[in-house]
Amino acid sequence: MNIPQLKTWVEIPEKSDFTIYNLPYGIYKIGENQPAVGVAIGEDVLQLDQLWSLGLLAELDIEESVFLSAYLNDYIALGKPVWSGLRKRLQELLCDEAIQDVVEKALVKMDQVKMLMPVKVGDYTDFYSSIEHATNVGKMFRDPENALLPNWKHLPVAYHGRASSIVVSGTDITRPKGQKMPPGAEKPVFGPSSRMDFELEMAFVIGKETELGTSISTKKAEDHIFGMVIFNDWSARDIQKWEYVPLGPFLGKNFASSISPWIVTMEALEPFRTNGPEQEPEVLPYLKYEGNKNYDINLEVYLQPESGKENLICQSNFGYLYWNMCQQLAHHTINGCNVNVGDMMASGTISGKGENEFGSMLELSWGGKNPIQLDGENTRTFLEDNDTVIMRGFAENGEIRVGFGEVRGKLLPAKP
Ligand code: CA
């Protein structure tokens with residue numbers, strides 16, 4: 001795909017995630033000012049509320065309140081033509097040196113702002129769409145010979161998660177307590193989880209609502225997707241293992257999930273489309289799709305012990321996923337379930353085939369059997385108190401780079 005070359009007057013550090021081709025949206029706050037909509041560019045935030053006040057967005061006919069909002073939902077609801085129009089306008093403003101002096105007034109350094117939750121999430125669904133992850137977990141939790149359950153290749157398996165506990169990057173996470181069944185024990189015990197884990201995922205944000213009783217086809221699905229974030233689905237494996245039969249994840253998952261603060265739009269990700277894995281057996285007609293529906297996005301996980309260094313412990317890629325977002329959305333709505341602007345759909349843990357590509361500690365340490373070597377003398381099977389988990393993601397094709405920044409979270413000790 002040929003992308004028109006753009007040259008911005010904003011200074012963009014080399015390897016910056018936030019190039020002129022990206023322009024992701026977030027909600028920022030300066031001191032005690034009210035939250036507002038911003039766009040990341042280099043090391044700056046372009047304050048859209050300020051641009052509006054300067055009269056630079058007048059031709060787009062968007063109300064000021066849309067940019068002076070604590071969430072992006074109102075902006076997202078304006079629809080795809082508005083998203084495209086604003087993106088084009090922002091690229092003009094950031095490239096035209098003749099108006100640099102004016103536009104510069106709307107820039108603020110990233111380290112001067114606090115990033116907040118970008119959207120009000122109404123509903124959250126977590127898929128389970130990585131065949132490598134599902135196979136690894138199946139081998140450990142169930143049967144090494146028949147790791148995948150019979151439905152797995154016929155439908156994108158998912159469960160409904162908890163929207164209230166989705167938090168933005170930088171939020172501390174408290175080690176959860178709950179019921180666990182220790183190996184060989186006769187009855188469950190209660191206490192802090194001793195098998196705390198992360199899950200490397202990405203999530204997409206719904207950009208267009210549907211009516212109850214209607215469905216979204218794989219062909220139309222992209223019209224309903226606004227953009228994506230990196231998603232850490234914190235997991236308490238011991239709680240999960242005891243509770244998940246027969247209805248699935250509950251308290252082992254719903255205490256927290258963390259997201260990166262900048263929503264990267266699908267338009268920015270367009271140059272990174274790639275084909276997905278071959279699906280065999282053939283899927284039912286409503287799950288068939290045409291074209292490249294996966295995206296080549298590099299993903300990394302770092303673990304940083306308290307007062308230690310960041311250790312790269314996993315490198316994976318969003319493009320590995322067996323089920324793509326269009327199939328997920330088609331399946332989610334095939335029964336008439338409606339979706340709303342701001343709903344979040346997470347991918348499920350994104351693992352690759354290689355042992356350094358496993359997207360959870362459960363897999364990296366193979367159920368706690370093989371400790372992960374960190375810098376110095378530190379090893380880990382699961383997370384320890386005050387460990388920080390950092391996930392980063394970026395797409396790159398030689399000419400341009402579009403990145404997500406990071407999602408980070410520190411695991412605090414359980415409450416007494
Ligand atoms: Ca998950």
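Two residues are in contact here when they have heavy atoms within 4.5 Å of each other. With that in hand, let's walk through this predicted model, starting with how the chain is divided up.

**Domains**

**Nonpolar cores**

The largest nonpolar core has 104 residues, and the members touching the most others are Leu46 and Leu90. Domain 1 (25-116) and domain 2 (124-412) each put at least three residues into this core. There's also a second, separate core of 9 residues, with Ala36, Val108, Val113 and Met115 among them.

Back to Leu46: leaving aside residues up to four places away in sequence, its contacts include Val37, Ile41, Leu51, Leu90, Leu94 and Leu107. Val39, Val103 and Ala106 are on that list too.

Glu199 and Asp233 link distant parts of the chain, being 34 residues apart. Glu199 is in the loop between strand 12 (196-197) and strand 13 (200-206), while Asp233 is in the loop between strand 14 (225-232) and strand 15 (235-236). Are Glu199 and Asp233 buried or exposed? Both Glu199 and Asp233 are buried.

**Pocket and cavity**

| Space | Volume |
|---|---|
| Largest pocket | about 500 Å³ |
| Largest cavity | about 40 Å³ |

The largest pocket has 28 lining residues, and those nearest its centre are Tyr128, Arg142, Val157, Tyr244 and Pro249. At least two lining residues come from each of strand 6 (124-127), helix 6 (131-141), strand 7 (158-160) and helix 7 (237-243). Helix 6 gives the largest share of that lining, with 4 residues.

As for cavities, the count is 1 of 30 Å³ or more. The largest cavity is lined by 13 residues, and nearest its centre are Phe204, Phe318, Met325, Gln328 and Ser347. Strand 13, helix 9 (325-333) and strand 22 (344-346) each bring at least two residues to the lining of the largest cavity.

Technical notes:
Residues numbered from 1 in each chain as written. Predicted model: local features only at pLDDT ≥ 70, side-chain atom pairs only at ≥ 80, totals over all residues. Heavy atoms only, no water. Buried < 20%, exposed > 50% of the residue type's maximum accessible area, 1.4 Å probe, protein only. Core = buried A, V, L, I, M, F, W, Y, C linked by side-chain atoms within 4.5 Å. Domains from an automatic or database assignment. 1 Å grid on protein atoms, 1.4 Å probe; cavity = no way out; pocket = protein on both sides within 12 Å on 5 of 7 lines; lining within 4 Å. Points joined across faces, edges and corners; volume = space filled by probe spheres on them.
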